[in-house]
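User: I'm new to this one. Can you walk me through it?

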Amino acid sequence: HLLPLNIMLGILIYSAFSKTVSQGSTQLVRNSGLIKQVFFARELLIANVSAFQLVRLALSLIIVPIYMAYMGIPITSSILLLPLAVVGIIFLGHGCALMLCVAVVHVRDTTMVIDISLRALFFLSGVFYSAAYIPAEFLDYHLMNPIASYIEICRAAVLSDLTYISPLIVLRCISLSILIFLIGSGVFNRYQNRAVIHL
């Protein structure tokens with residue numbers, strides 16, 4: 001009876017990441033006319049996408065406590081991991097979008113590579129299956145995928161089952177999200193002016 005909940009959490013988390021990356025990475029190209037006419041902080045274009053996906057994900061997750069109450073699943077302190085995972089996955093997607101949007105300006109076909117990569121990640125991130133179905137010898141490799149780890153963190157937060165999630169995994173995911181965000185910001189700030197010339 002927990003399968004629908006597990007799948008729903010997987011879809012919501014992955015969808016938030018996927019849309020943040022795919023839509024955020026094309027913002028410079030899509031708004032080329034505005035960028036040429038008005039000077040403003042171009043990071044706002046990507047931030048706007050990320051903020052929208054954050055709000056969308058947060059509103060979508062409102063159904064989770066309702067479903068928990070319906071199924072008789074108790075709410076424990078582990079639920080505090082949920083907002084941490086929500087913010088973390090958006091930061092991860094935002095950092096990726098900042099890096100990729102510069103590449104998209106120079107090579108427009110990059111969008112096709114991004115779409116194909118995101119489709120492959122969908123099947124590699126455990127959206128329709130949980131860590132319980134991963135053979136023990138491959139579990140560590142599976143959880144090296146930060147998206148898969150964030151999905152498992154969300155499931156652990158809701159179901160209060162920390163079998164496959166440790167503080168180290170949570171810390172690793174959050175640290176990676178911050179690192180990708182900082183790298184993405186650095187790349188964007190360094191190359192955005194060159195990218196604008198090619199719009």
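Analyst: Let's start with helix 10, which has a kink of about 50° centred on Tyr191. The bend at a residue is the angle between axes fitted to the seven residues ending there and the seven starting there. Helices here are DSSP runs (H or I, at least four residues) numbered from the N terminus.

User: What should I know about the model itself?

Analyst: This is a predicted model, where local features need pLDDT of at least 70, side-chain atom pairs count only at pLDDT 80 or more, and totals for chains, interfaces and linings use all residues. Residues are numbered from 1 along each chain as its sequence is written, and side-chain values use heavy atoms, with hydrogens and water left out.

User: Back to helix 10. How far does it reach from its first C-alpha to its last?

Analyst: Helix 10 covers residues 167-197, 31 residues, and reaches 45 Å, close to the 45 Å expected. The expected span is 1.5 Å times one less than the number of residues.

User: Which residues of helix 10 are buried?

Analyst: Among them are Ile169, Cys173, Gly184, Phe188 and Val196. Buried means under 20% relative accessible area, exposed over 50%, and partly exposed in between (1.4 Å probe, protein chains only).

User: And what covers them?

Analyst: The cover includes helix 2 (27-30), helix 3 (32-37), helix 4, helix 6 (81-106), helix 8 (136-143) and helix 9 (146-159). Contact means heavy atoms within 4.5 Å.

User: Where does helix 6 bend?

Analyst: At Leu100, by about 25°. The end C-alpha atoms of helix 6 are 39 Å apart, which agrees with the 38 Å that its 26 residues should span.

User: New topic. How many salt bridges does the structure hold?

Analyst: One. Glu152 pairs with Arg155, and their closest N and O atoms are 3.0 Å apart. The criterion is a side-chain nitrogen of Lys or Arg within 4 Å of a carboxyl oxygen of Asp or Glu.

User: Where do Glu152 and Arg155 lie?

Analyst: Both are in helix 9, three residues apart, about one turn of the helix. An α-helix has 3.6 residues a turn, so residues three or four places apart point the same way.

User: Is Glu152 buried or exposed?

Analyst: Glu152 is buried, with a relative accessible area of 5%. Arg155 counts as buried too, at 4%.

User: What about Ser130, what is it in contact with?

Analyst: Leaving aside neighbours within four places in sequence, Ser130 is in contact with Glu152 and Arg155. Ser130 lies in the loop between helix 7 (110-124) and helix 8, and is buried at 14% relative accessible area.

User: What about Ser160?

Analyst: Ser160 has a positive phi of about 55° although it is not a glycine. Ser160 is in the loop between helix 9 and helix 10 and counts as partly exposed, at 31% relative accessibility.

User: Which residues form the nonpolar patch on the surface?

Analyst: Val55, Leu59, Ile62, Ile63 and Ile66, with about 470 Å² of accessible area together. Areas come from the Shrake-Rupley method with a 1.4 Å probe, and for residues only the protein chains shown count as cover. Patch residues have over 30% relative accessible area and no salt bridge, with nonpolar side chains (Val, Leu, Ile, Met, Phe, Trp, Tyr) joined within 5 Å and like charges within 9 Å.

User: Which helices supply the patch?

Analyst: Helix 4 (43-60) and helix 5 (63-71) each supply at least two residues. Ile66 is in helix 5 and is exposed, at 54%.
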